[in-house]
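The sequence and structure are shown first, and the description follows.

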Amino acid sequence: MRSYPFVTVDVFTTTRFGGNPLAVFPDATGMSDAEMQSLAAEFNLSETTFVLPPEDPAHTARVRIFTRTREMPFAGHPNVGTAYVLAQQGRDKGGKLLFEELAGLVEIDVERDTSGAPVGATIAAPQPLSLGPELPVETVAACASLQPADIRVVAHKPVGASLGNPFVIAEVGPSALVRATPDFPSFRQALEQTAGLNGRLGLYLYAHDGPGRVQARMFAPLGGTIEDPATGSAAGPLGALLLSLTSEPQLRVDIHQGVVMGRPSLLRVVARRAADGIRATIAGQCVPVLRGEAQL
C-alpha cells in the first residue's frame, strides 16, 4: 500500500464551510492518471489537485487539476487553494509561486496576514481573454429554467469567454439569478446544437449589484457540478469581458457567488489591458478543514 497525505481547504472564503471546498495532494509523485481521476471522483468535489515536481526547476510545481470526470487545463479555486497549501509548507519563494498547468504557466502571489501566515492568494490567469460562440437567448434561458426575457442583452449577448477554461457568460436580473436552476435536457440540447462548445458547457450567470460588485452563479450539470459555490476560472473571464465593454485601462470587481447554496464566496477580480489582450487576476482567501491520507 502507498500512502498519500492530503488536505482540504475552503476557498474564496474566510469562514469554514463557506466558499468552494478543494482537496489537495501536496506530493502526488508516483500516482497514475487513473489513480488521480479515481481519487477526484472519490472526493466528489468540483476539483481535486495533484502536485508534482516541475518540468522546469525554476518553477514551483506542476499542478494537475481533476474534476469528478476529467482533467482540467486550468481552474481558479484549485490554484488559489493549492497555492495556500504549498505556502503553508514554505514552498513559495518571496511570496511567489509558479505552477505549470495544461493551459500554461500560472503566476501566483501569496496573501499573508499581519503575522506573516498565509491566508490566500492572487492568481494570474494563464491566457488573455478569448471569446467563443454566442448562444441564443432562448437556449440560455432554457438551460437555466428561465424565460428569454430574463436574459439581458443590452451590454452583451450570452457568449463564450475564456482565460484558459471556457464558460458561457450571460447577464440576468437579480430576481432571475435567484430563480435560476439547471435543466439537464436543455444543457444536452445546447451541446448538440452548438459545435463551438466542443462538448462542454459551464453556464455563468451574473447580475449587477452596485458599482464594482456582482452576484453570480455557475451551473455545469453535465460535468457533475450541478452548481459551483465559487468559480475563479469563470469570474476572471467575466471581469475581462466587462472591461472589454468599456474604454477603461483596468476594472476591479468583487464577485459574490454561492449565496443561494449557503456557501457564500468572495472572488476579487482585477482585469487590465495588456499588449496581448485583456488579462485578469483572481484573488481570494482560504480556510483549512480536513487532513488525512489516501491509501493506494
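Phe6 has a relative accessible area of 13% and is therefore buried, since the limit for that class is under 20%. The model is a predicted one, and the values in this report are computed from it. Phe25 is buried as well as Phe6.

**Aromatic pairs**

Across the whole structure, a search finds 5 aromatic pairs. The rings of Phe6 and Phe25 form a tilted pair, because their planes stand at 50° with the centres 5.8 Å apart. Phe43 has a relative accessible area of 23% and is partly exposed. Phe6, Phe25 and Phe43 belong to one aromatic cluster together with Phe50 and Phe66.

Most residues other than glycine have a negative phi. Phe12 has a positive phi, near 65°, and Phe17 likewise has a positive one, near 75°. Phe12 is placed in the loop between β1 and β2, and Phe17 is found in the loop between β1 and β2 too. Is each of them buried or exposed? Phe12 is buried, at 1% relative accessibility, whereas Phe17 is exposed, at 56%.

The table gathers the accessibility of residues discussed in this report.

| Residue | Relative accessible area | Class |
|---|---|---|
| Phe6 | 13% | buried |
| Phe12 | 1% | buried |
| Phe17 | 56% | exposed |
| Phe43 | 23% | partly exposed |
| Pro118 | 17% | buried |
| Asn165 | 0% | buried |

In helix α5 (residues 184–193), the buried residues are Ser186, Phe187, Ala190 and Leu191. These residues lie on the same side of α5, because they cover an arc of only 140° around the axis. An α-helix has 3.6 residues a turn, so residues three or four places apart point the same way. Pro185, Glu192 and Gln193 are exposed on the other side of α5. The packing partners of the buried residues of α5 are α3 (137–143), β13 (203–208) and β14 (213–220).

Helix α6 (residues 232–244) has 13 residues, and its first and last C-alpha atoms are 18 Å apart, close to the 18 Å expected at 1.5 Å a residue. Helix α6 is mostly covered, with 12 of its 13 residues buried. Among these buried residues are Gly232, Ser233, Pro237, Leu238 and Leu243.

**Nonpolar cores**

The largest nonpolar core contains 58 residues, and those with the most contacts inside it are Phe99, Ile108, Tyr204, Leu238 and Ile255. Helix α6 gives the most to this core, contributing 7 residues. A second, separate core has 22 residues, including Ala141, Val172, Leu177 and Ala180. When residues up to four places away in sequence are not counted, Phe99 touches residues that include Thr60, Val63, Asn79, Leu86, Leu105 and Ile108.

Pro118 is part of strand β8 (residues 118–124) and is buried, with a relative accessible area of 17%. Its contacts, leaving aside neighbours within four places in sequence, are with Tyr84, Ala87, Gln88, Val110, Glu111 and Arg112. Pro136 is 18 residues from Pro118 in sequence, and their C-alpha atoms are 44 Å apart in space.

Asn165 occupies the loop between β11 (159–162) and β12 (167–172), and its relative accessible area of 0% makes Asn165 buried. Which backbone oxygen does the side chain of Asn165 reach? It is that of Phe74, at 3.4 Å. Phe74 is also one of the residues in contact with Asn165 when neighbours within four places in sequence are left aside; the others are Met72, Arg200 and Ser233. Ser233 is itself one of the buried residues of α6.

How values were computed: Residues are numbered from 1 along each chain as its sequence is written. This is a predicted model: local features need pLDDT of at least 70, side-chain atom pairs count only at pLDDT 80 or more; totals for chains, interfaces and linings use all residues. Side-chain values use heavy atoms; hydrogens and water are left out. Helices (H or I, at least four residues) and strands (E, at least two) are DSSP runs, numbered from the N terminus. The expected span of a helix is 1.5 Å times one less than its number of residues. Buried means under 20% relative accessible area, exposed over 50%, partly exposed in between (1.4 Å probe, protein chains only). Rings of Phe, Tyr and Trp (its six-membered ring) pair if their centres lie within 6.5 Å; planes under 30 degrees apart count as stacked, over 60 as edge-to-face and the rest as tilted. The arc is that of the directions from the helix axis to the C-beta atoms. Contact means heavy atoms within 4.5 Å. A nonpolar core is a set of buried Ala, Val, Leu, Ile, Met, Phe, Trp, Tyr and Cys residues joined through side-chain atoms within 4.5 Å. A polar contact is a pair of N or O atoms within 3.5 Å; within protein, one must be able to donate a hydrogen and the other to accept it, and residues adjacent in sequence count only if both atoms are side-chain atoms.
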